[in-house]
Number of protein chains: 2
Amino acid sequence: MTTAWEEFYAKTPKPSNLDENEKLLNQFIAFHAKENTKVVLVTSGGTTVPLEHNTVRFVDNFSAGSRGSISAENFLQRHYAVIFMYRVKSLEPFSRHFVGSRLLDMLELTTTNDTPSVSVTPQYVNKISDILKKYKDSLNQNMLLSISFTTLSEYLWLLRSACQALTVLENRAMLYLAAAVSDFYIPSNEMATHKIPSDEPPSVHLKLVPKVLEPLVKLWVPKAFVISFKLETDESILISKARGALRKYSHSLVIANMLQNRREQVVIVSKDNQETLSLTSKQLQNGEEIEKYIVDYLVEKHKDWLDTKL
Amino acid sequence: MTTAWEEFYAKTPKPSNLDENEKLLNQFIAFHAKENTKVVLVTSGGTTVPLEHNTVRFVDNFSAGSRGSISAENFLQRHYAVIFMYRVKSLEPFSRHFVGSRLLDMLELTTTNDTPSVSVTPQYVNKISDILKKYKDSLNQNMLLSISFTTLSEYLWLLRSACQALTVLENRAMLYLAAAVSDFYIPSNEMATHKIPSDEPPSVHLKLVPKVLEPLVKLWVPKAFVISFKLETDESILISKARGALRKYSHSLVIANMLQNRREQVVIVSKDNQETLSLTSKQLQNGEEIEKYIVDYLVEKHKDWLDTKL
């Protein structure tokens with residue numbers, strides 16, 4: 001019998017840049033396989049579900065990419081090589097500190113003997129130089145590979161390719177699946193070709209997206225340390241949903257969080273345990289980010305788990 | 001009888017920051033009323049239509065905000081004061097040149113006697129200093145006011161407030177409505193409170209958004225020079241749709257464009273004329289932007305039209 005996810009890949013066209021991304025993934029992973037580095041795949045940002053082939057409208061999932069981009073910086077800090085698989089135009093590690101006009105506002109223009117020069121105003125030099133150094137180091141040391149997607153189907157194709165490339169690392173690979181992936185989609189053959197006319201309100205009929213966490217854990221990267229996320233708005237169902245996912249997919253951990261306070265608190269749920277991480281209001285005021293504590297926790301858990309495999 | 005747009009405003013809660021934005025609008029417009037500057041309201045980016053009150057999912061309209069942000073720079077160049085009303089995280093004038101890591105990649109870190117400094121690498125100095133100067137000038141001379149929205153209802157409330165503030169400028173006000181506004185929405189009272197469960201595919205029933213161009217032209221800014229946009233993916237209906245809008249709303253001009261080649265060609269449609277503006281492939285290669293030609297055209301048309309009012 002064909003499963004729902006096999007049918008999805010059979011019916012959904014492959015993105016045109018997939019071969020190129022696979023080449024980048026294989027090079028990056030081969031380099032780190034030799035170096036014996038641990039590698040984490042961080043997925044980040046929401047996926048879109050187009051309503052038309054010539055897409056004007058789409059259903060999107062709420063995600064700016066904060067969780068993923070902040071976590072990627074923290075994994076680099078802990079000497080993991082990072083594959084940052086992100087939604088186009090969502091936040092990226094390092095540049096996330098300077099969205100919109102924030103970096104322009106920190107620059108000043110001076111002219112000496114008709115020669116213009118542009119530099120960072122003294123008050124921001126320390127902050128920027130610190131971020132800039134980490135950014136350049138991660139690129140120079142080949143510790144960060146960024147690959148991007150927009151639609152749900154691009155995401156699903158790219159995720160499978162990334163997993164296939166990661167297999168060689170066995171249990172040194174971590175998957176940190178923070179992207180907000182749509183649960184629903186419109187199959188390619190049921191989609192309108194042109195922009196839906198704007199004078200008649202449409203009813204949009206959506207299909208369930210196959211849960212690729214199942215083949216991912218069972219078939220694609222059976223030896224990897226896999227963390228998924230569960231976001232809810234109703235607290236009463238959060239932990240039971242997280243436990244349900246662990247039972248169903250048998251992966252390592254679920255990070256459960258509420259939309260309303262996801263920057264301050266998460267619950268890390270395992271098969272027989274749950275641990276709450278939270279920031280105090282003082283820590284929040286000081287600009288601390290909960291992702292540092294999440295990543296610290298996961299790095300330790302990954303280490304303990306690797307020790308049990310020896 | 002209550003019209004559809006009156007009903008929309010009656011039933012849709014006012015955004016919490018609207019009063020503050022109205023204050024900014026009134027100050028900016030009072031300043032330029034005294035200075036006798038022409039003022040253009042540029043709307044830019046897409047609107048979201050939430051599917052849930054605690055929003056995880058929403059329908060979005062394709063728009064990065066390129067048309068609006070590039071046009072805003074060109075209006076500033078032509079000495080218009082610009083109210084830039086944009087979707088949060090869409091492109092903004094000036095900073096649009098440096099999305100993602102592009103500005104970080106242009107910076108270099110040097111340390112002299114343990115004191116770090118950060119400056120723009122010489123090869124980019126000319127480009128950045130030019131943009132930076134225009135950006136700082138527009139702020140220092142109070143020529144640019146940026147206000148933002150995310151959802152469809154925030155957009156509609158903000159647009160009405162901006163129009164009410166612009167009334168005093170009479171025909172010196174131009175409206176350049178480049179935002180990609182959703183045609184459909186889910187009324188507040190029909191929306192799910194919490195995240196729609198992800199195990200049952202929903203059917204989403206959408207309602208038509210009231211066409212506010214009608215009260216805008218007739219009631220809110222009856223003396224202003226109003227330009228709307230028409231985006232299609234099917235060329236055979238493009239011009240007839242543009243003419244239909246002009247007949248229905250009796251505003252000044254429609255800029256008709258195809259999704260597929262909107263960066264290279266637009267047709268500016270008036271009641272009894274149509275003019276195609278396009279870039280040659282050479283101009284495109286040289287990095288020219290069609291918005292310069294659109295804005296030049298509109299500035300002349302606005303001037304001619306003002307002359308007829310004398």
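**Salt bridges in the predicted model**

A search of the whole structure, over all chains, finds 32 salt bridges, a salt bridge being a side-chain nitrogen of Lys or Arg within 4 Å of a carboxyl oxygen of Asp or Glu. The structure is a predicted model, in which local features need pLDDT of at least 70 and side-chain atom pairs count only at pLDDT 80 or more, whereas totals for chains, interfaces and linings use all residues. Residues are numbered from 1 along each chain as its sequence is written, chains are lettered from A in the order in which they are written, and side-chain values use heavy atoms, with hydrogens and water left out.

In chain A, Glu7(A) and Lys11(A) form a salt bridge at 3.3 Å, N to O, and both residues belong to helix H1 (residues 4-11), four residues apart, about one turn of the helix (helices are DSSP runs of H or I with at least four residues and strands runs of E with at least two, numbered from the N terminus). Glu7(A) is partly exposed at 35% relative accessible area, while Lys11(A) is exposed at 56% (buried means under 20%, exposed over 50%, partly exposed in between, with a 1.4 Å probe and protein chains only). In chain B, the side chains of Glu7(B) and Lys11(B) likewise meet in a salt bridge of 3.3 Å, N to O.

Lys211(B) pairs with Asp183(B), their closest N and O atoms being 3.4 Å apart. Because Lys211(B) lies in the loop between strand S11 (207-208) and helix H6 (213-220) and Asp183(B) in the loop between strands S8 (173-177) and S9 (184-185), the pair ties together parts of chain B that are 28 residues apart in sequence. Lys211(B) is partly exposed at 38%, whereas Asp183(B) is buried at 10%. Through shared partners, salt bridges join Glu52(A), Arg57(A), Asp183(B) and Lys211(B) into one network.
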